[in-house]
Amino acid sequence: VYLFAGMIRCPDCGHVLCGTATPKEYKNVKTEYHNYRCRFKHTTCSYKRTLSERKVEGWLLANLGQLLENEIAAAELQKTKPKPKPKYNLPALRERLRRLNITYMAGNKTDEEYLQEDAEIKALIAKAESEAPPPERDLTPLREMLSTDFVSIYLTLEPEDKRRFWRTIIKEIRVEGLNVKDVIFF
């Protein structure tokens, strides 16, 4: 089980780093160390390093509290900024489309008129949806995590559960060299 599979991006080429296992034996005890590397390091990518899973995990556990606090503060600050007034009234456009459909079904519009107006309204709706501000984030899970001793709970988890934990809060881990540079939360 690779805890951060699909979450770490190559700092040079941007591809997802893939997991590799390195078996070691010391005093007849076999251990498997998990690492991450760029799968294109032998061809097009200049990132030739191998990133230790233990190092990433340790850094995240040591810094997760501060990272969560920073994320909450940034989201709270974003809430206080004035929201730009939308150019288009999305509910009004949807109502206009509904009325157009009723008018067409009643036989009051020709096929050509209907198709042209339908395409125009749908284009405006698509534009309005793309320009709409993102929905407000629910910060409750992050606050709840900060209020618990998540590190001691985390240490009791099985590897699959540890991976699930990271995947529920972290979208991407950015590295620089062999160090974690930034974490992008959901």
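Predicted model: local features only at pLDDT ≥ 70, side-chain atom pairs only at ≥ 80, totals over all residues.
A nonpolar core is a set of buried residues of nonpolar kinds, such as Leu, Ile and Phe, joined through side-chain atoms within 4.5 Å.

**Stop 1: the largest core.** Select Phe 4, Ile 8, Leu 64, Trp 166, Ile 170 and Ile 173. Among the 33 residues of the largest nonpolar core, these touch the most other members. Next, colour helix H1 (53-80), helix H4 (140-147), helix H5 (150-155), helix H6 (159-169), strand S5 (170-176) and strand S6 (179-185); each of them supplies at least two residues of this core. Which element gives the most to this core? H1 does, with eight residues. In soluble globular proteins, nonpolar side chains tend to be buried together.

**Stop 2: Leu 64.** Keep Leu 64 selected and hide its neighbours within four places in sequence. The residues in contact with Leu 64 are then Met 145, Phe 150, Phe 165, Trp 166, Ile 169 and Phe 185.

**Stop 3: H1 and H6.** The crossing is left-handed. On the H1 side, select Glu 57, Leu 60, Leu 61 and Leu 64; they meet Lys 162, Phe 165, Trp 166 and Ile 169 in H6. By kind, the residues of this contact are six nonpolar, no polar and two charged.

**Stop 4: H1 and H4.** From H1, select Leu 64, Gly 65, Leu 68, Glu 69, Glu 71, Ile 72 and Glu 76; from H4, select Leu 142, Arg 143, Met 145 and Leu 146. These residues make the contact. What kinds of residue make up the contact of H1 with H4? Six are nonpolar, one is polar and four are charged.

**Stop 5: a loop.** Go to the loop between strand S2 (18-26) and strand S3 (29-37), where Lys 27 lies. Lys 27 is not a glycine, yet has a positive phi of about 50°. Is Lys 27 buried or exposed? Its relative accessibility is 66%, so Lys 27 counts as exposed, the cut-off being over 50%. Now select Asn 28, in the loop between S2 and S3. Asn 28 has a positive phi, near 60°, in a residue other than glycine. With a relative accessible area of 72%, Asn 28 is exposed.

Terms used: Residues numbered from 1 in each chain as written. Heavy atoms only, no water. Buried < 20%, exposed > 50% of the residue type's maximum accessible area, 1.4 Å probe, protein only. Helix = DSSP H or I, 4+ residues; strand = E, 2+ residues; numbered from the N terminus. Contact = heavy atoms within 4.5 Å. Left-handed = near helix turned anticlockwise from the far one by under 90°. Nonpolar A, V, L, I, M, F, W, Y, C, P; charged D, E, K, R; others polar.
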